[in-house]
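Hi,

Here is the structure I promised to pass on. Have a look at it first, and then read my notes below.

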Amino acid sequence: MKHLPKHLQPRWRYLAVAIETWPDAGIGRRAFQRELWYAGQNLLGDPGGADADLRLMRFEIEGGSGGAIVRVRRGEVEAARAAIACVDEVNGHPVGLRISGVSGSVDAASESYLGDPAPSSTQREVAFEGADRPARRRDGAVDVDTPSGWVGATVQDTE
Amino acid sequence: MSDDAGGEGEANAGTDPESIGPYEAVYAHPEGEATVARQVKTAAEYGFEGVVVRTREAEYDPGTLAGRHGVDVVRGVEIDADDPQGASGAVGNFRGDCTVLLVRGGTDALNRFAVEQDRVDVLARPFDGTGDVNHVLVKAAVAHDVRIEFDLGAVLRDDGGSRVRRLRKLRKLRELVDYFDAPYVVSATPASHLRMRAPRDLAAVGEQIGFGADAVREGLAEWGRLAARNRERRADSFISPGVQRGRYEE
């Protein structure tokens, strides 16, 4: 179909979303997009979800940390913000999401608010609560693999 | 309740109640899946100005963490008892150990107990389990200066029927709190750093569920006001409850 003339094209805003999860969580682009749309539909309803759009433009995650760019119709940014806050798990893995900024273009959003991809996490043994445990360290944060599951800690907790 | 909730006549000398930023009240390892330090680090990155730690068993030094991450760290205790008798003993045991004392509700008896205790600061998670609130409880909360918590956790993490039921209860509580001008706090009740959400995102959720963004900000800041008030009361200037060292004391 012929595309719309410029003045009739929808105006978009692009939300930069910082993503955090456990280091071994397998989260794919399709799964994340599905959860975004579910969250939009569940919180905003079908019309609200359609208005917000919530299309995933960029998605990158590596070792438990990453970022995404989500497209939102202009004027629906606050509704989209609420919907994104309600994304709790992807493929059963808990995710921490924070909207780090809003821009008028994909590139501006990536450059201004996503920054460089997180420094790759390093695997090592750390002392945690009197025992040596395998852990992944990334930028001051340490995820410790304990018998009862992952525990989020910081460098200072493991010294 | 959106705009005028800051005007309580508390002895907030020295701290302007309007200037307090959002606080979050978190669980920490061993009760949750992140240590206090990780919760505080994340809260600082998310734009919170303070963290209330609900877990009594957590080991941490509030001063060190506050200095490292630049946010206020408040020692709290959330009492999780099966019945009012157990909770009553715990209130007496832990009141002196913490700045903010919470009682986890969840049954009608526990909710009722918490709002009728002057020594309790916050009734946390009143809708867990079978618990509910009504006008009697909200009036008691006003009389005893107990804050009732709006737990947004279920809104953020549930869906379907359980979320609908929780939203219904939250709406009922919101109308009651509005009518009686009762004190309240708001929290996402994060058990790990992954469950935390930024203040602005919580405000957006509040707007969507009809609560109002300003009301959410008020409820997040109320933790900070509460901590400041309790710290002042515990300070050396109070000789005994209600008796403060004044100008002429030397």
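**Sheet in chain A**

β8(A) and β9(A) make a hairpin that leaves two residues between the strands, and A:Asp139 in the turn has a positive phi of about 55°. Strands here are DSSP runs (E, at least two residues) and helices are runs of H or I of at least four, numbered from the N terminus.

Before I go on, the ground rules. This is a predicted model, where local features need pLDDT of at least 70 and side-chain atom pairs count only at pLDDT 80 or more, while totals for chains, interfaces and linings use all residues. Residues are numbered from 1 along each chain as its sequence is written, and chains are lettered from A and ligands numbered from 1 in the order in which they are written.

Seven bridges hold β7(A) antiparallel to β8(A), residues 131–138, and A:Thr122 stands opposite A:Arg137 in β8(A).

Put together, this is an open sheet of four strands in the order β7-β8-β9-β10, with antiparallel pairing. Its edge strands are β7 (122–128) and β10 of chain A, each pairing on one side only. Neighbouring strands are turned by 35° against each other on average, direction ignored. For angles, axes are lines fitted to C-alpha atoms (for helices, over the stretch in contact), and values run from 0 to 180 degrees between N-to-C directions. β9 (residues 141–146) is joined to β10(A) by six antiparallel bridges, and A:Ala141 has A:Thr154 as its bridge partner there. Chain B comes in here too: its helix α1 (residues 36–46) packs on the sheet, touching β9 and β10 of chain A, with its direction at about 65° to that of β10(A).

**Where the chains and domains meet**

How many residues does each chain give to the contact? Chain A gives 27 and chain B gives 24, where contact means C-beta atoms, placed from the backbone, within 7 Å. On the chain A side, the elements giving two or more residues are α1 (29–52), α2 (77–85), β6 (96–103) and β10 (149–154). β10(A) has the largest share, six residues. By class, this side of chain A divides into 13 nonpolar, eight polar and six charged residues. (Nonpolar is Ala, Val, Leu, Ile, Met, Phe, Trp, Tyr, Cys and Pro; charged is Asp, Glu, Lys and Arg; the others, Gly among them, are polar.)

Chain A itself is assigned domain 1 (11–114) and domain 2 (122–158), with bounds from an automatic or database domain assignment. Their C-alpha centres lie 28 Å apart. Five residues of domain 1 and four of domain 2 make the contact, and the domain 1 side has two nonpolar, three polar and no charged residues.

**Sheet in chain B**

Chain B has an open sheet of seven strands, β1-β2-β3-β4-β5-β6-β7, with parallel pairing. The edges are β1 (23–26) and β7 (184–187), each pairing on one side only, and the twist averages 30° from one strand to the next. β4 (residues 100–104) and β5 (residues 122–124) of chain B pair over three parallel bridges, with B:Val103 opposite B:Leu123. Helix α1(B) packs on this sheet as well, touching β1, β2 (50–53) and β3 (72–79), and its direction makes about 150° with that of β2(B).

By contrast, B:Ala235 sits in the loop between α9 and β8 (238–240) of chain B and counts as exposed, because it has 10 C-beta neighbours inside 10 Å.

Cheers

Definitions and conventions
Contact = placed C-beta atoms within 7 Å. Buried ≥ 20, exposed ≤ 12 C-beta atoms within 10 Å, placed from the backbone. Pairing = 2+ DSSP bridges.
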